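The following text walks through a single protein chain. Please have the sequence and the coordinates open while reading.

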Amino acid sequence: MSVGKRKILSLGTLAMLCCASTVYADFKEDYAHGVRAYEDGDYVAAQKFFQEALDAHSEPAARMRLYGQIFKPYLPQHYLGLIGLKRGDCATLRAQWGSNDNRQILLQLPDIAAEEERAGAACSAAVAKAEQKPVVPPVEKPAEVPPPKTVAVAPPPKTVAPPAPPKPPPVAEKPPVEKPVVAEKTAPPDALVQAFDQFLAGRYAEVARINPDAYADTRARFHAYLVRAAARYTQARLISDEAMLAGAKADIAAARALDARTSPDATLFSPTFREFYAGAK
């Protein structure tokens, strides 16, 4: 054989080997993708990959190197049957698992064979149950009952409602009771309190110089006249001053004009002043 022919044959053989290697690599890659998609629950993608792997390489294997040093069983028909089981498609399950290639490989894989046996029985039972039609008993028509005869009944006599009782006369509302207005007690002016303190301390001359008309409040003005009258009376007795005694009488008259019912308090004023107050005119 010439050198040129040997070269042509070598190139053709090399090309065939390359094509075979590419196809071989493609179906293992599709199968690996299918296993991953099935385990992820993506049965649509898994069916596509398994079918492409089966179309490229239909012979199953109990042990095959998929990639690197990873060896697994090559069972595309087994997985296609499982996908049929997931979808309730028992026809696809039986078609894939019933093939001669799949039955032969199960002799080497007892665990896979047991799994297919259980799954096939479960799928067949589910289909049989779904195909059972419920028996509906016939519905018996009720016997026709003639309508009751109508008997004319005389209308009841009309009842006359008794007259309504007379309405009671309206109760007059009581006018609201007005509460008496209680005048708020106000504290005495500080100057008046000071005058009483001076009177009790015996400083009569200072008390005699206060001006009761300087107080706007009637009650304060009354007590101012009262304490000034007592100071003037006591001072008049001490120095025998008639003018001072007349001033005390004038203060008593002014105090009575403001409040004729109030008398000097026994705890503050002496009995002689209270007698003088009662007899002053």
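Which helices each supply at least two residues of the lining of the largest pocket? They are α7 (190-200) and α9 (218-239). Before going further, note that this is a predicted model, in which local features need pLDDT of at least 70 and side-chain atom pairs count only at pLDDT 80 or more, while totals for chains, interfaces and linings use all residues. Residues are numbered from 1 along each chain as its sequence is written, and side-chain values use heavy atoms, with hydrogens and water left out.

The chain holds eleven helices and two strands. Helices (H or I, at least four residues) and strands (E, at least two) are DSSP runs, numbered from the N terminus. Read from the N terminus, the order of elements is α-α-β-β-α-α-α-α-α-α-α-α-α. Of the 281 residues in the chain, 28% are buried. Here buried means under 20% relative accessible area, exposed means over 50%, and partly exposed is in between (1.4 Å probe, protein chains only).

The search runs on a 1 Å grid over the protein atoms alone, and a pocket is an open set of points with protein on both sides within 12 Å along at least five of seven lines; a cavity, by contrast, is a set of points where a 1.4 Å probe fits but cannot get out. The lining of the largest pocket consists of 18 residues, a lining residue being one with an atom within 4 Å of a point. T186, P188, R219, A220 and H223 lie nearest the centre of this pocket. Helix α9 gives the largest share of the lining, four residues. By class, the lining has ten nonpolar, four polar and four charged residues. Ala, Val, Leu, Ile, Met, Phe, Trp, Tyr, Cys and Pro count as nonpolar, Asp, Glu, Lys and Arg as charged, and the others, Gly among them, as polar.

Helix α7 contains A191, which is partly exposed at 43% relative accessibility. A191 and A224 are 33 residues apart in sequence, and their C-alpha atoms are 9.7 Å apart in space.

Helix α9 also packs against other helices. Its axis comes within 8 Å of that of α10 (242-258), and the two cross at roughly 160 degrees, so α9 is roughly antiparallel to α10. Axes are lines fitted to C-alpha atoms, for helices over the stretch in contact, and angles run from 0 to 180 degrees between N-to-C directions. Angles under 35 degrees count as roughly parallel, over 145 as roughly antiparallel, 65 to 115 as roughly perpendicular and the rest as oblique. The crossing of α9 and α10 is left-handed, a term used if the near helix is turned anticlockwise from the far one by less than a right angle, with right-handed used if clockwise. The loop between α9 and α10 holds S240. This residue has a positive phi of about 55 degrees although it is not a glycine, and S240 is exposed, with a relative accessible area of 62%.

Helix α9 and helix α11 (residues 271-279) pack at an angle of about 115 degrees, with axes 11 Å apart, so α9 is roughly perpendicular to α11. Their crossing is right-handed.

Another helix pair is α2 (residues 43-56) and α3 (residues 76-86), whose axes come within 9 Å and cross at roughly 150 degrees. Helix α2 is therefore roughly antiparallel to α3, and α2 passes α3 in a left-handed crossing. V44 is located in helix α2 and is exposed, at 59% relative accessibility. V44 and I83 are 39 residues apart in sequence, with a C-alpha to C-alpha distance of 8.7 Å.
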